[in-house]
Amino acid sequence: MTFRSTLTSWLAGLDGARLARVIATRKDAVAAPEPRSMEEVAERLQRPGSVALVLPQLPLPCLQVAETLAALGVVSRGALARTLGATAPAATRELDVVLEALADHALVWPDGDGDLHMAGPLRHAWDAPLGLDAPLETLLEGVTSEGLRGMLVALGIKPVRTRQQRAAAVLEHHGDPERVASLIANAPSAARELLQRRAESVSPQTEFIAFGAPGADSRPGARWALDRGFLVRDHHGYGRDRMPAEVALALRGPDWHAPFQPVPPAAELVSVTAVEAEREAAAAATAFAAHAASVLSVCSAAPPARLKSGGVGARELGRIGKTARAVDVMVRIALETAYSVGLLATDGPRVAPTKEYDAWAAQEPAAQFAVLLQAWWKLPLTPSQTRDEDDKALPALAGLPPCDGCLQARDGLLAAAARLPEGRGARVATDLGPLVAWHRPLAHPSFSDETPFATTVSEAELLGVIARGSLSPLGAALLAGDAEELAAECRRLLPEATGTARLGGDLTAVVSGTPAARLAELLDATAARETSGAASVWRFSADTIRRALDAGRTPDGISAELTAIAAGPLPQPLSYLIADAARRHGRVRIATAACVIHGDEPALLAELAAHRGLTSLGLRQLAPTVLVSATAPDQTLAALRSEGYAPVAEAADGTVRIEKVPPRRAAAVPTPRKSSAKIGTGHAAHRAAEASAIVDAHPLAARLLNVPPTAPEPDPFGAGVPFGTDTEEIVAGYAKQLTYADVRQLGHALDAGTAITVEYVAASGSRTVRTLSRLELDPPYLEAWCHLRDAERVFTLSRIHGVMPT
């Protein structure tokens, strides 16, 4: 019976409520259009892509049970419990809960005989579940009937006639762990050591037969194990010797159990009331909303510049943080979340606000915060991460590859906090990190975390999602996925924007809570921000008032606008400051001029200023005898002369510039010296001719000009040599920095499975040379094993600048 048929039968036997629950947990698979039959429901639930989406959302015990079933195949519930060591009553109940959860996701289900089946794609989620190879029945599929007969003879079993019977006899013999362990215990020492080493390995060791090398069975003990089926030669897998799972389990012994941790790790808890959690969450959310609004306001006034390698570097982040009075973490989270929802966008060499930002800035703080909080929840990266895996500085908005494990880290954190006892919270919020690893084992911690998931926990506290080590109402709304509930909680916890400020005689403006957009804009234009957060402070000075006057505001307009937003009358020191700054403003003026025209006759200068033929010079009269021109001196001089005037040019010291140009002469060519040594006439003539040839470069230049040009590189996008393979065409479409020859080398390495050396520019801008193997193309990324880091890495194709053979 196939996986799909057993799943169909099991689904058909469920009551309506249980079937609805299964479909609800896998709504990603059973989506519109509506399935027409139970067989179609089963088919959708068994799709590999659908199963792969479920695994990251499961806690540790569910993955441990699924991995054990993937290793054992179809087994009874009792055999599964014995393998997991879950035979005690409490452990049995916990195993039932895990199996129920896996069944709700249609990953594991029982058949009519009580055996447990699992989704077909789930078996391939692990390369070697529990460090075990495939079951014996699977490995014997490639063994011939004569090979099975040889195994039976070596085991001392009388051979039977048909191949099916022979395979069943080997399966029956190896299905008894005690018999297998006893037989191997009496094997030759070389065979016993080989098999024991293979059984205890974390991942199945594979031996390859290379052409011209001694066979794998020439190793001590290998032939004995192959003859008895304790190792099976995989003739379809390059001659690998594989150990059946039954043999490995028998050698591990009855005391060995698969890992099973049904209870999450303990955390030190303290009492936390709902009022305390709400108060802290409200304070954190209010502070973040104010800082984010300030950060984006700074970006609106002076858009940050992008690095050549992409992203916003440390210098620009520091400038934004200093102006907005926000720490680096706040700046990074605000930029990343705003960019992900379209409030910021790349504008050439800078990152600038969009039209959506103007609408967002006009909203109340609660609505602004809700947008950024939902963006953080769905952000496929860790926004406050400052270092990459190589411990290099990481710019903000660096365009990193999507990280699903980062999403699971946030989901696991909120799931762990939601399962804490009511009225209790972690004594230290970072104590929730180990719980995240239990609730979402496939989550990714940050590279710089000193404790598990410390960065994720810190971000959640800054945003008010985690408060006093427990889940806040904001976090509960996020976890439930209810946007309306989240908006309502934001409106309840965050105060409305403040439209007034307290103006003090010490030339400060204090705003409690989050300032309204109009208020913040006015104070940013007329004063300098000193602090931001639950309360914001601005300070007025002569420089800030002068800046407002430079922007086009008038003294009376500044006084009127400040009076309109002040909680009381305008302080007298502030009025004096505005009046004094206005009195001094503009007493000295600076005009733009490319050159100056002056003379002793005011009438002549007035005539030049009114001359229609000189309009293009942009002449403007500053004094009776002084004109400024918007055109360069030489052009102004030529225009005046073309109209019949006779101007002269001045040097930098005020003297008349002499325009006489001396004739140009070439340097004399020295006559070659005659050699003082007595040599033959013919040799002397040859030396003289050689010297003349070296001195006179004209014939050499003529020869170089007449040489035909070098043939250009073939153009893969034009009429040149076409791409050799589809891989080359895909690589060329994304790796814009590579030449055609480099594209061909990288394409060949991908198709042939060979190693390659590349020159790579990381997101931080640093250049490294790395040797890569196990190449897998996932445009626009290249997944490979990095020999420099000795780990799997993801490389962006557009950042590869050179390819060299290894």
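Which residues of strand E15 make up the covered face, and which the uncovered one?

1. Basis. This is a predicted model, in which local features need pLDDT of at least 70, side-chain atom pairs count only at pLDDT 80 or more, and totals for chains, interfaces and linings use all residues. Numbering starts from 1 along each chain as its sequence is written, and side-chain values use heavy atoms, without hydrogens and water.

2. Faces of E15. Ser536 and Trp538 form the covered face of strand E15 (residues 535-539). Ala535, Val537 and Arg539 form the uncovered one. Strands are DSSP runs of at least two residues, numbered from the N terminus.

3. Neighbours of E15. Strand E13 (residues 508-512) runs antiparallel to E15, joined by five bridges; pairing requires at least two DSSP bridges. Ser536 is the bridge partner of Val511. Strand E14 (residues 528-531) also pairs with E15 in the antiparallel sense, over three bridges. Here Arg529 stands opposite Trp538. E14 and E15 form a hairpin with three residues between them. Gly533 in the turn has a positive phi of about 135°.

4. Aromatic pairs. The whole structure holds four (ring centres within 6.5 Å; for Trp, the six-membered ring; planes under 30 degrees apart stacked, over 60 edge-to-face, the rest tilted). One of them is Tyr760 with Phe795, edge-to-face at 5.0 Å centre to centre and 85° between the planes. Tyr760 lies in strand E19 and Phe795 in strand E22, so the pair ties together parts 35 residues apart in sequence.

5. Charges over rings (Lys NZ or Arg CZ within 6 Å of the ring centre and within 35 degrees of the normal). Arg410 places its charged end over Trp376, 5.3 Å from the ring centre. Arg774 lies over the face of Trp785, at 4.6 Å.

Key:
Buried means under 20% relative accessible area, exposed over 50%, partly exposed in between (1.4 Å probe, protein chains only). Helices (H or I, at least four residues) and strands (E, at least two) are DSSP runs, numbered from the N terminus.
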